[in-house]
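Welcome! Have a look at the molecule below, and then we can walk through some of its features together.

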Amino acid sequence: MRILGIETSCDDTGIAVYDDKYGLIINQVLSQSNIHNKYGGIVPEIASREHMLNIFNLCKSIFKKRNNNIDNIDAIAYTAGPGLSGSLLVGATFSNSLAYSLNIPTIIINHLEAHLLSVMMEDKCPIFPFLTLLVSGKHTEIIYAHALGKYSLLGKSIDDAAGEAFDKVSKNLKLRYPGGPEISKISKFGTLNKYVFPKPMLKKNNLNFSFSGLKTSVINFINKKKNLNFQFKADVAKAFEQSITDVLVKKCEKAIQKTNINRLVISGGVSANTELRKKLKIMVQRYKGNLFFSRLELCTDNAAMIAYTGMLKFKLNQIDRNYGIKVYPKWKIYN
Ligand SMILES: Nc1ncnc2c1ncn2[C@@H]1O[C@H](COP(=O)(O)OP(=O)(O)OP(=O)(O)O)[C@@H](O)[C@H]1O
Ligand SMILES: [Mg+2]
């Protein structure tokens, strides 16, 4: 069985094919980051226009190049939310039109559930139940994954997402977009404890996060400095990364204590951060547990996770043959 996955929730156009026998056989992402870079963040109108310009040709070229036959596809899984309305509409319209012309069903996929399940494509993957720290550009949540399709929220950011804080600090340091990889790279040259920033909500006895105050305090600190030389940027990046990763790790530790579940998954773009992975691994080992994460290209937005989740849903017969354009920009996976 073969599922075509289409991802257009934000600024990456992704196309993938997952085969239940051979695994992931195609995974292509066309990033728009160079286009949005000059604005220091994503411009929704530009994002949807770029998806429209690229999606058809990307799909066509993949099937042509690989000598793959699109007739072998059993269903098309597409991201229906959460995400930017315009971007989602492009993927949903394209997917439904193609599925209608091929007379195959569609499968609507929640982008966050796909992030959460992307680790299942790895050799080292958890069994249910497990905890997930979902840290991406727009979300920071700790989720209890009971079983496929059954999730509860344990805690979340009450303001900015961790990825957003990385992006804003990076912008103020005059680094490129997206900011996470930039901060991560430059922080390696920073001196530990040269600067110290707040660690918000660390002592609060719940599993929520708040990164807006940390972000503002770092930005105010940067703005006081006239000359942003390399060493200053590296030291600030280091201190910021220390604060944010310490908070993320502490809250995950509290979640393990609260639930007695010691299988922890990290997913979403910020899960690519090596400092975060290192600290979480050490913490989880203290609870005789395991940390699970995806290879780097499956951490940020991709269609492989959409095709894979689609395959799971297809097996449960969660398919759609109405070809209605379904888009849910604020779709949640828990109640
Ligand atoms: N190595 C890294 N360290 C920290 N942050 C990173 C790293 N790599 C990527 N990121 C951050 O990950 C975010 C992008 O992740 P992702 O693509 O999952 O988010 P999104 O799709 O925009 O949001 P969501 O999935 O919540 O809708 C960006 O904010 C980026 O800065
Ligand atoms: Mg994402």
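What follows is a short tour of helix packing, a ligand site and a few backbone details. Please keep in mind as you read that this is a predicted model.

**Helices that pack together**

Let us begin with helix 2, which covers residues 44–65, and helix 3, which covers residues 85–102. Their axes come within 8 Å and cross at roughly 25°, and that makes the two helices roughly parallel, since angles under 35 degrees count as such. The crossing of helix 2 and helix 3 is right-handed. On the side of helix 2, the contact is made by Ala-47, Ser-48, His-51, Met-52, Ile-55, Phe-56 and Cys-59. Their partners in helix 3 are Gly-86, Ser-87, Val-90, Gly-91, Phe-94 and Leu-98. Sorted by class, this contact holds 8 nonpolar and 5 polar residues, with no charged ones.

Next comes the pair formed by helix 5 (residues 162–172) and helix 6 (residues 179–187). Here the axes are 7 Å apart and the angle is about 65°, so helix 5 and helix 6 are roughly perpendicular to each other. Their crossing is left-handed. Phe-166, Asp-167, Val-169 and Ser-170 of helix 5 touch Gly-179, Gly-180, Glu-182 and Ile-183 of helix 6. The residues of this contact comprise 3 nonpolar, 3 polar and 2 charged.

Helix 6 also packs against helix 8, which spans residues 230–259. The angle between helix 6 and helix 8 is about 110°, and their axes lie 8 Å apart; helix 6 is therefore roughly perpendicular to helix 8. From helix 6, the contact uses Ile-183, Ser-184, Ile-186 and Ser-187. Helix 8 contributes Phe-230, Lys-233, Ala-234, Ala-237, Lys-238, Phe-240 and Glu-241. In this contact there are 6 nonpolar, 2 polar and 3 charged residues.

**Around the ligand**

How many residues surround ligand 1? There are 22 of them, and the closest are Ser-136, His-139, Asp-167, Gly-180 and Asp-301.

| Residue | Atom in the residue | Distance to an oxygen atom of ligand 1 |
|---|---|---|
| His-115 | side-chain N or O | 3.2 Å |
| Gly-137 | backbone N or O | 2.9 Å |
| Asp-301 | polar side-chain atom | 2.6 Å |

**Backbone details in the loops**

Most peptide bonds are trans, and most residues other than glycine have a negative phi. Where does this chain depart from that pattern? The peptide bond from Gly-81 to Pro-82 is cis, with omega near -10°. Pro-82 sits in the loop that joins strand 4 (75–81) to helix 3. Another cis peptide bond runs from Phe-128 to Pro-129, with omega near -5°. You can find Pro-129 in the loop between helix 4 (111–117) and strand 6 (130–135).

Finally, look at Asn-103, which is not a glycine and yet has a positive phi of about 55°. Asn-103 belongs to the loop between helix 3 and strand 5 (106–110).

Note on methods: Residues are numbered from 1 along each chain as its sequence is written. Chains are lettered from A and ligands numbered from 1 in the order in which they are written. This is a predicted model: local features need pLDDT of at least 70, side-chain atom pairs count only at pLDDT 80 or more; totals for chains, interfaces and linings use all residues. Side-chain values use heavy atoms; hydrogens and water are left out. Axes are lines fitted to C-alpha atoms, for helices over the stretch in contact, and angles run from 0 to 180 degrees between N-to-C directions. Helices (H or I, at least four residues) and strands (E, at least two) are DSSP runs, numbered from the N terminus. Angles under 35 degrees count as roughly parallel, over 145 as roughly antiparallel, 65 to 115 as roughly perpendicular and the rest as oblique. A crossing is left-handed if the near helix is turned anticlockwise from the far one by less than a right angle, and right-handed if clockwise. Contact means heavy atoms within 4.5 Å. Ala, Val, Leu, Ile, Met, Phe, Trp, Tyr, Cys and Pro count as nonpolar, Asp, Glu, Lys and Arg as charged, and the others, Gly among them, as polar. A residue is near a molecule or strand if one of its heavy atoms lies within 4 Å of it. A polar contact is a pair of N or O atoms within 3.5 Å; within protein, one must be able to donate a hydrogen and the other to accept it, and residues adjacent in sequence count only if both atoms are side-chain atoms.
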